[in-house]
Amino acid sequence: MMLWLIFGIFFILILIAGSRLKSKFREYTAIPTANGMIGAEVARKMLYDHGCYDVNITPVQGTLTDQYNPQTKTVNLSQDVYYGTNVAAAAVGAHEAGHAAQHANAYAWLGLRSALVPLQNISATILNMIFIGMFFCLFLLGSLFSMQTAPLIIVACYGFFTLFAFIKLPVEFDASSRALAWIQCTGITDYYSHSKAEKALRSAA
Ligand SMILES: [Zn+2]
């Protein structure tokens with residue numbers, strides 16, 4: 001039962017952290033960019049300035065669903081970022097274009113990260129199935145199935161997520177620093193809005 005309590009608390013903490021980041025991010029969407037460019041235009045300009053002429057930019061559903069897909073050479077931007085004329089949208093647009101620039105420069109960490117994405121998705125699916133299965137057994141039979149093995153698989157999946165998060169760190173940090181340096185020297189952010197763009201990226205990545 002102790003184990004359940006730990007998992008429950010862990011789960012709630014993740015939810016709270018996620019919603020806090022989202023509300024922080026929303027704060028920075030209130031600060032407009034000086035030149036009124038939408039996120040997609042910022043990403044396009046950043047791509048061109050880095051010699052990436054064969055990368056597509058498409059709007060996708062959801063919040064903070066922005067990502068670069070190296071397989072299709074596509075920068076996927078959430079609607080808020082794609083059409084947004086604020087520093088948060090500009091920063092995220094430039095960050096995702098930064099991943100395309102990493103790809104074009106054969107940045108090694110990005111390759112490793114891309115290779116691990118399918119594994120991460122599989123882990124997430126397994127975790128969901130286990131959680132659903134365990135709750136189902138708990139309510140129907142009043143007992144938990146394989147009390148020994150299920151927690152082991154859960155721990156293994158979380159271990160993998162942690163490893164993935166560590167591998168992502170240098171990739172994300174590098175994309176953000178490319179994005180921030182570029183939006184500063186192109187004048188998309190000024191002295192005041194630049195620190196907001198920095199914070200927006202920290203809460204989004
Ligand atoms: Zn990123």
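Which helix holds both Lys 45 and Asp 49, and how many residues apart do they lie? In this predicted model, the two residues belong to helix H2 (residues 39–49) and sit four residues apart, about one turn of the helix. Their side chains meet in a salt bridge, with an N to O distance of 3.8 Å. Lys 45 counts as partly exposed because its relative accessibility is 34%, and Asp 49 is likewise partly exposed, at 44%.

This pair is one of three salt bridges found in a search of the whole structure. Another joins Asp 54 to Lys 73, with the closest N and O atoms 2.8 Å apart. Asp 54 lies in the loop between H2 and strand E1 (56–60), while Lys 73 lies in the loop between strand E2 (67–69) and strand E3 (74–78), so the contact ties together parts that are 19 residues apart in sequence. Arg 178 and Asp 174 also form a salt bridge, at 2.6 Å from N to O; both lie in helix H6 (residues 149–185), four residues apart. Asp 174 is buried, with a relative accessible area of 18%.

Turning to the metal site, the zinc ion is coordinated by His 95 (NE2), His 99 (NE2) and Glu 172 (OE) at 1.9 to 2.1 Å. The donor residues follow the spacing H-x3-H-x72-E in sequence. His 95 and His 99 share helix H4 (residues 87–104), about one turn of the helix apart, and both are buried.

On the surface, Leu 5, Ile 9, Ile 12, Leu 13 and Ile 16 form a nonpolar patch with about 480 Å² of accessible area together. Among them, Ile 12 lies in helix H1 (residues 2–28) and is partly exposed, at 49% relative accessibility.

Definitions and conventions
Residues are numbered from 1 along each chain as its sequence is written. This is a predicted model: local features need pLDDT of at least 70, side-chain atom pairs count only at pLDDT 80 or more; totals for chains, interfaces and linings use all residues. Side-chain values use heavy atoms; hydrogens and water are left out. Patches are made of residues with over 30% relative accessible area and no salt bridge: like charges are joined within 9 Å, nonpolar side chains (Val, Leu, Ile, Met, Phe, Trp, Tyr) within 5 Å. Accessible areas come from the Shrake-Rupley method with a 1.4 Å probe; for residues, only the protein chains shown count as cover. A salt bridge is a side-chain nitrogen of Lys or Arg within 4 Å of a carboxyl oxygen of Asp or Glu. Buried means under 20% relative accessible area, exposed over 50%, partly exposed in between (1.4 Å probe, protein chains only). Donors are N, O and S atoms within 2.8 Å of the metal (3.2 Å for Na, K and Ca); water is not among the atoms, so sites may look incomplete.
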